[in-house]
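Q: I have a two-chain model open and want to go through some contacts with you. Can you put it up?

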Amino acid sequence: MIHVECAYYAMMRERSGCASESIQTEAKTPEELYEEVVSLHGFSPERAHVKVAINDSFATWETPLQEGDRVAFIPPVAGGCDHV
Amino acid sequence: MFELSELPIDPIRLAKECRNDGAGALVTFEGRVRISNQGRTVIRLEYEGASELAANEFANIEDETLDKYDVVAVTCQHRVGVLEIGDVAVWIGVLAAHRGPAFEACRFVIDELKERLPIWKKEFYTDGDSGWINSA
């Protein structure tokens with residue numbers, strides 16, 4: 001078990017009712033952790049549309065999680081618009 | 001240089017601060033709040049950003065820009081909080097010796113920034129509805 005800090009933004013922050021929370025988890029990767037927080041809060045974005053950041057840098061879903069990591073799930077951003 | 005700002009963006013001040021004796025060109029871009037989106041009338045909107053991550057990712061975009069184009073500096077300020085129609089949401093300034101690379105790099109920076117920076121926009125409409133944009 002490790003403790004990680006999960007950060008939520010925008011629609012995920014509204015859905016969970018918190019900007020961040022400490023989670024005790026057996027998840028080894030952000031991929032496993034995302035499954036956990038989806039079942040906890042019922043987040044709607046599919047993982048394919050979400051990015052992950054660990055300690056304020058973008059990371060891959062397979063990065064091994066460490067005790068105390070700050071993990072931010074990044075739902076689709078404002079700018080991905082077809083009009084230029 | 002990058003900043004997420006809770007205060008109104010001041011394009012005149014930002015442009016004045018873009019100084020470099022070797023730069024003969026300053027190209028700037030202002031993104032403003034538009035009254036309609038996808039056929040709906042917008043009253044106001046709210047931007048929310050992940051500030052540390054945004055600053056780190058902007059630094060990556062800045063490095064890529066300096067590698068790819070013959071420019072000397074890139075500055076960006078992005079608003080967070082509540083914005084009204086016409087308010088400046090994002091400001092970019094690119095300094096270069098000559099105008100060609102400055103124009104090209106400015107376009108590159110705004111395109112990359114919109115794809116990559118962790119900044120979200122919630123629109124509020126005249127019918128009382130609201131929604132996060134591109135919240136797949």
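Q: How exposed is Asp129(B)?
A: Asp129(B) is partly exposed, at 38% relative accessible area. Buried means under 20%, exposed over 50% and partly exposed in between, with a 1.4 Å probe and protein chains only.

Q: Before we go on, what are the ground rules here?
A: This is a predicted model, so local features need pLDDT of at least 70, side-chain atom pairs count only at pLDDT 80 or more, and totals for chains, interfaces and linings use all residues. Residues are numbered from 1 along each chain as its sequence is written, chains are lettered from A and ligands numbered from 1 in the order in which they are written, and side-chain values use heavy atoms, with hydrogens and water left out.

Q: OK. What does the side chain of Asp129(B) meet in a salt bridge?
A: Arg40(B), with N to O at 3.1 Å. Asp129(B) is in the loop between β8 (119-125) and β9 (130-132) of chain B and Arg40(B) is in strand β4 of chain B, so the pair ties together parts 89 residues apart in sequence. A salt bridge here is a side-chain nitrogen of Lys or Arg within 4 Å of a carboxyl oxygen of Asp or Glu. Helices (H or I, at least four residues) and strands (E, at least two) are DSSP runs, numbered from the N terminus.

Q: And Arg40(B), buried or partly exposed?
A: Partly exposed, as its relative accessibility is 31%.

Q: Which residue does Arg116(B) pair with?
A: Glu57(B), in a salt bridge whose closest N and O atoms are 2.9 Å apart. Arg116(B) sits in helix α3 (residues 99-116) and Glu57(B) in helix α2 (residues 51-68), both of chain B, so parts 59 residues apart in sequence are tied together. Both residues are buried. They are also in a salt-bridge network with Glu64(B) and Glu112(B).

Q: How many salt bridges over all chains?
A: There are 13.

Q: Switching to the interface. How many salt bridges are there between chain A and chain B?
A: Two. In one, Arg13(A) meets Glu48(B) at 2.6 Å, N to O. Arg13(A) lies in helix α1 of chain A and Glu48(B) in strand β4 (residues 40-49) of chain B, so this pair joins two chains. Arg13(A) is partly exposed at 27%, while Glu48(B) is buried at 13%. Glu14(A) and Lys122(B) also form a salt bridge, at 2.6 Å, N to O.

Q: How much area do chain A and chain B bury between them?
A: About 1900 Å², 58% of it on carbon and sulfur atoms. That is the accessible area (1.4 Å probe) that two parts lose on being put together, summed over both. On the chain A side, Asp56(A), Val77(A) and Ala78(A) supply 29% of the area buried against chain B, more than any other three residues.

Q: New topic: which residues touch the most other members of the largest nonpolar core?
A: Tyr8(A), Leu33(A) and Phe73(A), out of 31 residues. Such a core is a set of buried Ala, Val, Leu, Ile, Met, Phe, Trp, Tyr and Cys residues joined through side-chain atoms within 4.5 Å.

Q: What is Leu33(A) in contact with, beyond four places in sequence?
A: Among them are Val4(A), Cys6(A), Ile23(A), Val71(A) and Phe73(A). Contact means heavy atoms within 4.5 Å. A second, separate core has 30 residues, including Val33(B) and Ile61(B).
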